Structure formats: structure tokens, C-alpha cells
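Dear colleague,

I am handing over the structure we discussed. Please have a look at it first; my notes on what was found follow below.

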Amino acid sequence: MKKVPASIGIFGASGHIGGPMARWLRYHAPNIKLRLISSSEDKTAQLRAAFPDCEVALGDYNDLPSLTAAVAQMEGLFVITPGGTDEQAAMTHLISAIRSSNRLVHMIRALSAYPSPIPRRIPVELTKFGWGLEVQHPIAWRLLHDSGLPITYLNLGASFMDNFYRFPMLSPGKFTWPNRRVPFLDPRDIGEAAARLLLSDNARHIDQFHTLNNGNDNLYVADVAKMMSEVLLLDFEYDSSKEGFLAIMEPAVKFGFVKPEFPEFLWHFFRYEDANDVAWSLNDTLERILGRKPTTVRAWLQEHRHDLSKMLGKRVDVSTASH
Ligand SMILES: NC(=O)c1ccc[n+]([C@@H]2O[C@H](COP(=O)([O-])OP(=O)(O)OC[C@H]3O[C@@H](n4cnc5c(N)ncnc54)[C@H](OP(=O)(O)O)[C@@H]3O)[C@@H](O)[C@H]2O)c1
């Protein structure tokens, strides 16, 4: 048996995984003290407004004093880092902050080993940048493993469904994204899974590396485009070319949202996923943690059909569409 943490600190609580986790805990376990953590002053203000009955703290992986205050007295923690994080510094700070507090009962760390973790299969085009999943996550994993802290690793071994919003892949009449076959995950399901694991009294989850996907969809992007067209009753072009991909990423580079080398890096990442697609397998881990079927891609598309339709424009005449 493991103790159920009486308090939980959530990093990235304003984000698409930590946010749903906080809302789920607020509703299902109102007795648990929550501390919502963000590295941004603006987002802490938004969190205070959205969760008036929760503690909110500023906590930056690059700043040990803020991190020490953010995790102080917390028995449970959810830890997620963005792509590009210097995990050596971030996890060294985090381990030190947790040791200062000395109250940790259970921590969840989101990682991604994706899809074949055998180092010689990882192309130099990915490792030469010095960041990204294949570089940063093994560093985090080694440091956390060696710390001996009570951790469950959630391996996000799938593509997030809300990438359709977060990347500029949908435009009027066109869906532009490199083709490859991958499993899928709704980020809200990840947040709920992390919450359920922290609330579980099953000690066997400690020191586990749970690979998560929705157990249903191992799809080519071209298949998703076809499904989207069926669900939205929209006709659009699907462009999987490198030129098309680099063109849609151009504004993000121009306005400084991503590093100039990021689009080329991401292209190689997709080719790496494609070259290893035989390693993906759907599983029921997430279903067992949630105690229900995870969200399917089709259900997600149906739920978001109005917003997606607006992004893709160009409605088909339903009376002439074939059924
Ligand atoms: N996109 C996909 O399909 C996919 C699939 C599988 C795995 N992944 C990987 O999963 C990981 C998470 O991805 P994501 O898109 O969820 O990341 P994200 O939203 O960019 O970042 C996660 C959270 O980290 C927090 N954060 C950022 N900088 C911080 C700092 N210095 N100190 C403390 N917290 C900080 C952010 O909250 P604040 O800004 O409020 O601090 C944010 O909510 C990444 O490694 C990604 O590559 C992505």
C-alpha cells in the first residue's frame, strides 16, 4: 500500500495536461490540497482567477529558490517539461528542492521514449541539436532514477490530439502535415491518469514506466485527414510534402515562437517516427488507469467539429455528398 498524498503540486497547471488534471482533482477529490504551479507571472494570475480556492505558486525549473518554495510541503507532484528544457539543470534543481522539503510521497513525471529507444536508431539529425525528446528525456530519466525518489513515469508514446489546434496544420481548404503512422492521446486523459495514479494506494505504480496511448488509434495522418473529412463533411486537400510543412512553419519562425532550426528538426523527427513505426503498439494501460475507454480520435474530432470546420472553411454541399 502507498499513502495517498494529502497535497498535490501540479507543474504546468495552466497547460493542456496540468489544467484538466487540476479540474479533475478539484471535482473528484476536493479534500486534497492543490498547489497550481506556473513559471510565468501572467499565468499565475490567470490560475488565481480560475481556481480561487487553490494555492498558486511561481515555480521555474531554472530557478532553485522559486522551485524550492513551489514544492515545499507537497506530498504529491506532477512534473512535465516542455521540449527544449535543459533537463540536467531542471531535474537537478527539482531533486534538490524536493529533498529540502522531504515530504514527497509520490511524483508523476511525464516522459516520452518515442518510439524506439535504442540509441543507434536515433538519427544524428535529431541528436545534433542537443535537445528534443531523444536527448532531453533520457537525461531526466537517469537523474530521477538515480535520485531514488518515489516516481511513476508516464511515457507519452503518442501524438496529442490537440496538435490540430496547436500547430498551424489546418487552413481553409487544406490540411498540411507530414504523413506517418502513430498512436494518439487526448491530453485531458493524461491529466486524469496522472491524478488517478496519485490518488491510488497501489504501491506497484512506483518505479513503473507506463506507456500511454488510447488503445484504439494507430493511424497515418492521411487516415486522420480522411476521418476528419467524414466527420466534418468537408472536402479539403491533404499535403504531406516537406515544402508544404516548411511553408506553414515559416510564420512561427518569423515571429520568434520557435527556433529557426525547429521546423527542420521536426521534419526529421517525423521521418524517425515513420522509420520506426513497427515499434508502436496499442495497449490498454491508459484504459486500466482511467477505468474507462480513453477518448478516440473520431470522438475528439466530433467534439471539436465546429472549431475545426472554421479552420478548414470550404463546406461541402451535404445533399450531393456520397454516403
Ligand atoms: N505534441 C505532441 O504530440 C507530443 C506527444 C508526446 C510527447 N510530447 C512531449 O511532451 C512534453 C510536453 O509537451 P507539451 O506540449 O505538453 O509541453 P508544453 O505545453 O510546452 O509545456 C508543459 C508545461 O511546462 C511548463 N513549463 C514551461 N517552462 C517551465 C519552466 N521553466 N519551469 C516550470 N514549468 C515550465 C508550462 O507551464 P507554465 O508556462 O505555466 O510554466 C507548460 O504548461 C514535451 O516534451 C513534448 O515534446 C509531445
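Axes here are lines fitted to C-alpha atoms, for helices over the stretch in contact, and angles run from 0 to 180 degrees between N-to-C directions. Helices (H or I, at least four residues) are DSSP runs, numbered from the N terminus. This is a predicted model, in which local features need pLDDT of at least 70 and side-chain atom pairs count only at pLDDT 80 or more, while totals for chains, interfaces and linings use all residues. Residues are numbered from 1 along each chain as its sequence is written.

Helix packing

Helix α1 (residues 18-28) packs on helix α8 (residues 187-199) at an angle of about 50°, and 7 Å separate their axes. That angle makes α1 oblique to α8 (roughly parallel is under 35 degrees, roughly antiparallel over 145, roughly perpendicular 65 to 115, and the rest oblique). From α1, the contact (C-beta atoms, placed from the backbone, within 7 Å) takes in Gly 18, Pro 20, Met 21, Trp 24 and Leu 25; from α8, Pro 187, Arg 188, Gly 191, Glu 192, Ala 194 and Ala 195. Seven of these residues are nonpolar, two polar and two charged (Ala, Val, Leu, Ile, Met, Phe, Trp, Tyr, Cys and Pro count as nonpolar, Asp, Glu, Lys and Arg as charged, and the others, Gly among them, as polar).

Helices α9 (residues 221-232) and α14 (residues 305-312) pack at about 105°, with 10 Å between their axes. The two are therefore roughly perpendicular. Met 228, Val 231 and Leu 232 of α9 meet Arg 305, Leu 308, Ser 309 and Leu 312 of α14. By class, that contact has five nonpolar residues, one polar and one charged.

Domains

Domain 1 covers 7-160 + 184-217 + 283-290 and domain 2 covers 218-279 + 295-318, with bounds from an automatic or database domain assignment. Their centres, taken over C-alpha atoms, are 26 Å apart.

Ligand

The ligand is surrounded by 24 residues, of which Gly 12, Gly 15, Ser 38, Ser 39 and Pro 82 are the closest (a residue is near if its C-beta atom, placed from the backbone, lies within 6 Å). The shell has eight nonpolar, 14 polar and two charged residues.

Regards

Methods:
Two residues are in contact if their C-beta atoms, placed from the backbone, lie within 7 Å.
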